[in-house]
Amino acid sequence: MFVWVLLKLLLLQNIAVEGMWRYLRCPQNQKELVDLLEDNGDVRDKRVAQVLHSVDRGHYCCDADTPYVDGPLPIGYGATISAPHMHAYCLEKLKRHLKEGSKAMDVGSGSGYMTVCLALMVGDAGLVVGVEHMPQLLNLSIANVLSDNPDLYNSGRLRLVGDGRKGYPPDGPYDAIHVGAAAKQIPPALLDQLKPGGRMVIPVGPSDSQVMTIIDKHADGQVVKTYDASVRFVPLTDRHKQQFSNF
């Protein structure tokens with residue numbers, strides 16, 4: 001009976017049939033979750049797998065009953081924590097730009113999960129800046145990081161700042177930029193903060209036709225865009241609209 005009800009809910013929410021198995025197979029802990037991602041081919045790189053094993057999603061999901069399900073979960077104030085396979089996808093796409101000593105920015109950092117993953121990828125000599133324009137979520141992310149991995153925050157290797165829909169120029173340019181909400185168009189301010197040789201992953205488009213876009217900036221400043229996969233993210237919007245959204 002539970003499976004039938006869940007299938008109906010998934011169909012009503014227009015979730016693709018091939019993606020239903022992700023929801024029906026519900027891991028009970030972080031190890032089971034990463035094992036699922038590896039089984040599905042979402043995680044291939046050993047470094048990505050190691051980072052995902054070391055950051056427990058359950059610490060960033062706001063008391064969700066099923067924090068390890070491979071789907072997005074609401075964290076309040078119009079925001080979600082992305083599905084684990086999307087976190088894995090973005091880390092895989094950015095991994096060559098997340099080396100020891102690299103600088104990265106996480107736009108729409110939410111509860112702080114992806115920001116911590118990025119910080120572990122760039123190592124002790126690196127820097128990651130998470131930007132979140134909702135004060136409540138910014139405070140939540142700081143509390144989460146201090147609870148789960150305080151050394152990252154206290155050492156200054158991970159910074160969390162507010163009002164960052166246009167990025168955070170003081171610490172730029174960045175080798176890697178991850179954007180966790182969908183923009184109608186690629187924000188020029190974020191392109192400006194991408195270092196030559198760097199890469200940005202960002203969902204682009206209206207709610208019904210978003211595409212995960214990979215942006216590479218060559219050493220000469222040329223920008224190359226690759227439209228990679230159809231996705232569905234919450235919109236990159238202003239604070240007032242997000243405050244009164246339905247999540």
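This briefing describes the sheet and the nonpolar cores of the structure above. The model is predicted, so local features require pLDDT of at least 70 and side-chain atom pairs pLDDT 80 or more, while totals for chains, interfaces and linings use all residues. Residues are numbered from 1 along each chain as its sequence is written, and side-chain values use heavy atoms, leaving out hydrogens and water.

**Sheet**

- Strands β7 (residues 194–204) and β8 (residues 210–217) run antiparallel and are joined by 6 bridges; pairing requires at least two bridges found by DSSP.
- Val 201 stands opposite Ile 214 in β8.

**Nonpolar cores**

- A nonpolar core is a set of buried Ala, Val, Leu, Ile, Met, Phe, Trp, Tyr and Cys residues joined through side-chain atoms within 4.5 Å, where buried means under 20% relative accessible area (1.4 Å probe, protein chains only).
- The largest such core has 50 residues, and Leu 52, Leu 91, Leu 98, Cys 117 and Met 212 have the most contacts inside it.
- Helix α6 (residues 113–122) gives the most to this core, with 8 residues.
- Cys 117 touches (heavy atoms within 4.5 Å) Val 51, Leu 52, Val 55 and Leu 91, not counting residues up to four places away in sequence.
- A second, separate core of 18 residues includes Val 129, Ala 183, Leu 191 and Leu 194.

Methods. Helix = DSSP H or I, 4+ residues; strand = E, 2+ residues; numbered from the N terminus.
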